[in-house]
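Here's a quick briefing for anyone meeting this structure for the first time. Have a look at it, then read on.

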Amino acid sequence: MVTAAPPVACPLSVRHLGPNWYATVMGTAAVTTAGAALPPHVPGLRGVLAGVWVFSLVLLLALLAARSVHWARHRDQARAHLLDPATAPFYGCLAMALLAVGGGALAVGRDVVGVPAAVALGAVLFTAGTAVGLAAAVAVPCLMAVRHRVEPGQATPVWLLPLVAPMVSAAVGPQLVPLLPAGQARRTLLLVCLALFGLSLLATLLMLPLVTARLLTGGPLPLALAPTLFLVLGPLGQSTTAAGAFADVAPGVVAEPYGRGLGAFAVLYGVPVMGFALLWFCLAGAHVWRARRQGMRFAMTWWSFTFPVGTCVTGAEALGRHTGLVAYTGPAVVLYGLLVAAWGTAVVGTVRGLLRGELLAGPGRAPAGPRRATVRTTSGAVR
């Protein structure tokens, strides 16, 4: 008697496609927005950046479609994602993906689709991303407090993701300010961006001590989670970028002395924050180096090396504009090189994992790794 073999799931099934996959869009768009403001004008660079932006847009549309199918056909798994404290924070990635692609449209997308279409696309994605970001910033912490059962030892930098999304809105929104009618419209949008800046900054300051305490008292994170330490750079670099953007558009929009005050704030805030970002960069790098030596393999968490580093590039660029110091423009170029290298590595690892059927496999099919590195969630975000 011949027994039929059990059906094999398609390696590209969307059942285990979690919201963490939007990080691929964020990292790709970061290459565009960070490169667009680099001080050196490299011949042909803008064309390359436009191509990368188109790729990020296509990737966003593909993921939106795939996640829609996921919600329609695998509602049980989607609900499990929301009820999983390790996965729910990744819903902040959806908002940041929308905002990152919208910011890229305003920066270089106009070279591809034209100015009117780029402005319209940027405005739509900014509005949608801001709405989703605010919803995630409220809903995810509420779920963690009411439905999830979390302990201090479970704190990871992933918890910051839904809180950083409004800061991305604060950094992207000023690009739209000059496009609005002078007067009330421009002033309102700028002040809304300032409010989003404060919302995200204060919420991050509440959450970051939990992450730091977990790291200092609980020991290093599991190997697969070590790259997520770079997520802390996100609110640091993005807030510095936002402060610089406020100073760029404030003159003529808000009354003096607030316009000049925002210019001073960009420097007085950005310089110490980027100093702390340098400290954390070294700390996170040391942990990742240790994890790599102990056998850390590629996982989707490697995308943590992209978008947060991109925010530090734009933050350093903002300080370079407002201080005129090469001490900031030079490191921005170096950081951008690291960003491109990290993005290329993440892309290769992701494509390889998809072709092997590993990244979209269920937790039971995940490749076995060192015991201390085994971290599984319903999303397959960490393996």
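Angles under 35 degrees count as roughly parallel, over 145 as roughly antiparallel, 65 to 115 as roughly perpendicular and the rest as oblique. This is a predicted model, where local features need pLDDT of at least 70 and side-chain atom pairs 80 or more, while totals for chains, interfaces and linings use all residues. Residues are numbered from 1 along each chain as its sequence is written, and side-chain values use heavy atoms, leaving out hydrogens and water.

**Helix pair**
- The axes of helix α6 (residues 161–172) and helix α8 (residues 233–249) come within 8 Å and cross at roughly 25°, so α6 and α8 are roughly parallel to each other.
- Where α6 touches α8 (heavy atoms within 4.5 Å), Val 164, Met 167 and Val 168 are among the α6 residues, and Pro 235, Ala 242 and Phe 246 are among those from α8.
- The residues of that contact split into 9 nonpolar, 4 polar and no charged.

**Cavity**
- There is 1 cavity of 30 Å³ or more (a set of points on a 1 Å grid over the protein atoms alone where a 1.4 Å probe fits but cannot get out).
- The largest cavity holds about 220 Å³ of space.
- Of the 21 residues lining the largest cavity (an atom within 4 Å of a point), the closest to its centre are Ala 23, Cys 93, Leu 161, Leu 231 and Ser 304.
- Two or more lining residues come from each of α1 (22–36), α4 (91–113), α6, α8 and α10 (307–323).
- The lining of the largest cavity divides into 15 nonpolar, 6 polar and no charged residues.

Methods
Axes are lines fitted to C-alpha atoms, for helices over the stretch in contact, and angles run from 0 to 180 degrees between N-to-C directions. Helices (H or I, at least four residues) and strands (E, at least two) are DSSP runs, numbered from the N terminus. Ala, Val, Leu, Ile, Met, Phe, Trp, Tyr, Cys and Pro count as nonpolar, Asp, Glu, Lys and Arg as charged, and the others, Gly among them, as polar. On a 1 Å grid over the protein atoms alone, a cavity is a set of points where a 1.4 Å probe fits but cannot get out, and a pocket is an open set with protein on both sides within 12 Å along at least five of seven lines; lining residues have an atom within 4 Å of a point. Grid points are joined across faces, edges and corners, and a volume is the space filled by probe spheres set on the points.
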